[in-house]
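Please read it alongside the sequence and the coordinates.

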Amino acid sequence: MKKTIALLLLCVFILSGCTQPNTNENLSKSSVSADTLFNEFLSKQINAVDKNGDSITLDEYSDNGSKSSYHRYAIYDMNGDGIQELIIKTPYKFDIFWVKNGKVTLWYQGTNYTNPLNNMTLLSERQGAAPDHTDYIFISLNYQGDEAFRMEFSKYASTNFQGVQYDEKYLINNVEVNKEVYSSLTESLVTANDDKIIWHELP
């Protein structure tokens with residue numbers, strides 16, 4: 001019962017929204033607009049930097065020099081400060097950049113299963129077997145691009161694997177819950193819209 005109550009409190013936290021803009025300090029301010037700097041990075045006129053200040057080139061997002069529709073980028077405000085971020089997704093990487101101190105700077109680094117949502121959160125979805133199941137990770141980030149909230153949940157299908165019958169199973173943060181609790185806490189996350197994230201092929 002206590003675990004169920006704790007999970008319900010998590011749901012309230014999620015629905016109340018976790019990402020808040022920093023109203024006292026806008027670290028993305030620059031004499032050159034973010035759009036201009038992102039375009040220069042995408043056209044290989046400049047490099048980006050990671051959080052340690054090390055250089056990142058656009059070529060790092062290609063596979064042996066080749067690109068496809070799976071190598072793409074989007075421009076979207078992910079921290080609510082009114083300044084858009086650059087999102088790059090490939091079959092192997094998921095990175096988000098902002099402009100900090102006049103440089104295109106790595107803001108967040110996820111996995112290739114990560115997808116951004118309209119509400120400035122992230123959701124990853126990965127299919128698994130033995131038995132068949134789907135794993136999800138929901139993440140909300142703070143203004144600086146650090147994780148403010150994380151919830152992992154999994155849905156196991158009823159299936160027969162190697163002669164063993166497995167029943168449906170639902171987990172939230174490694175706690176087994178019934179279907180009703182699982183649905184009430186996760187349905188709004190897995191059905192959240194991402195239609196405002198407009199993807200383009202990397203140049």
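By the rule that a salt bridge is a side-chain nitrogen of Lys or Arg within 4 Å of a carboxyl oxygen of Asp or Glu, the count comes to 5 salt bridges. The model is a predicted one, in which local features need pLDDT of at least 70 and side-chain atom pairs count only at pLDDT 80 or more, while totals for chains, interfaces and linings use all residues. Residues are numbered from 1 along each chain as its sequence is written, and side-chain values use heavy atoms, with hydrogens and water left out.

**Salt bridges**

- Glu60 and Lys93 meet through their side chains in a salt bridge, with an N to O distance of 4.0 Å.
- This pair links distant parts of the chain, 33 residues apart, since Glu60 is in the loop between β2 (55-56) and β3 (72-76) and Lys93 is in the loop between β4 (85-89) and β5 (94-100); helices (H or I, at least four residues) and strands (E, at least two) are DSSP runs, numbered from the N terminus.
- Glu60 is partly exposed at a relative accessible area of 37%, and Lys93 is partly exposed at 26%, where buried means under 20% relative accessible area, exposed means over 50% and partly exposed lies in between (1.4 Å probe, protein chains only).
- Glu147, Arg150 and Glu152 are linked in a network of salt bridges, in which Arg150 meets Glu147 at 2.9 Å, N to O, and Glu152 meets Arg150 at 3.0 Å, N to O.

**Aromatic pairs**

- A search of the whole structure finds 8 aromatic pairs, where rings of Phe, Tyr and Trp (its six-membered ring) pair if their centres lie within 6.5 Å, and planes under 30 degrees apart count as stacked, over 60 as edge-to-face and the rest as tilted.
- The pair formed by Tyr136 and Phe153 is stacked, because the ring centres are 5.0 Å apart and the planes are at 15°.
- Tyr136 lies in strand β9 (residues 133-141) and Phe153 in strand β10 (residues 147-156), so this pair ties together parts that are 17 residues apart in sequence.
- Tyr136 counts as buried at 13% relative accessibility, and Phe153 is buried with a relative accessible area of 1%.
- Phe153 and Tyr182 form an edge-to-face pair, because their ring centres are 6.0 Å apart and their planes are at 70°.
- Since Phe153 lies in strand β10 and Tyr182 in helix α3 (residues 179-190), the pair ties together parts that are 29 residues apart in sequence, and both Phe153 and Tyr182 are buried.
- Ring pairs link Tyr136, Phe153, Tyr170 and Tyr182 into a cluster.

**Charges over rings**

- The charged end of Lys93, which also bridges to Glu60, sits over the ring of Tyr61 at 4.9 Å from the ring centre, by the criterion that NZ of Lys or CZ of Arg is within 6 Å of the ring centre and within 35 degrees of the ring normal.
- The charged end of Lys169 sits over the ring of Tyr156, 4.9 Å from its centre.

**Phe149 in strand β10**

- Phe149 is found in strand β10 and counts as buried at 9% relative accessibility.
- The C-alpha atoms of Phe149 and Ile139 are separated by 5.6 Å, although these residues are 10 residues apart along the chain.
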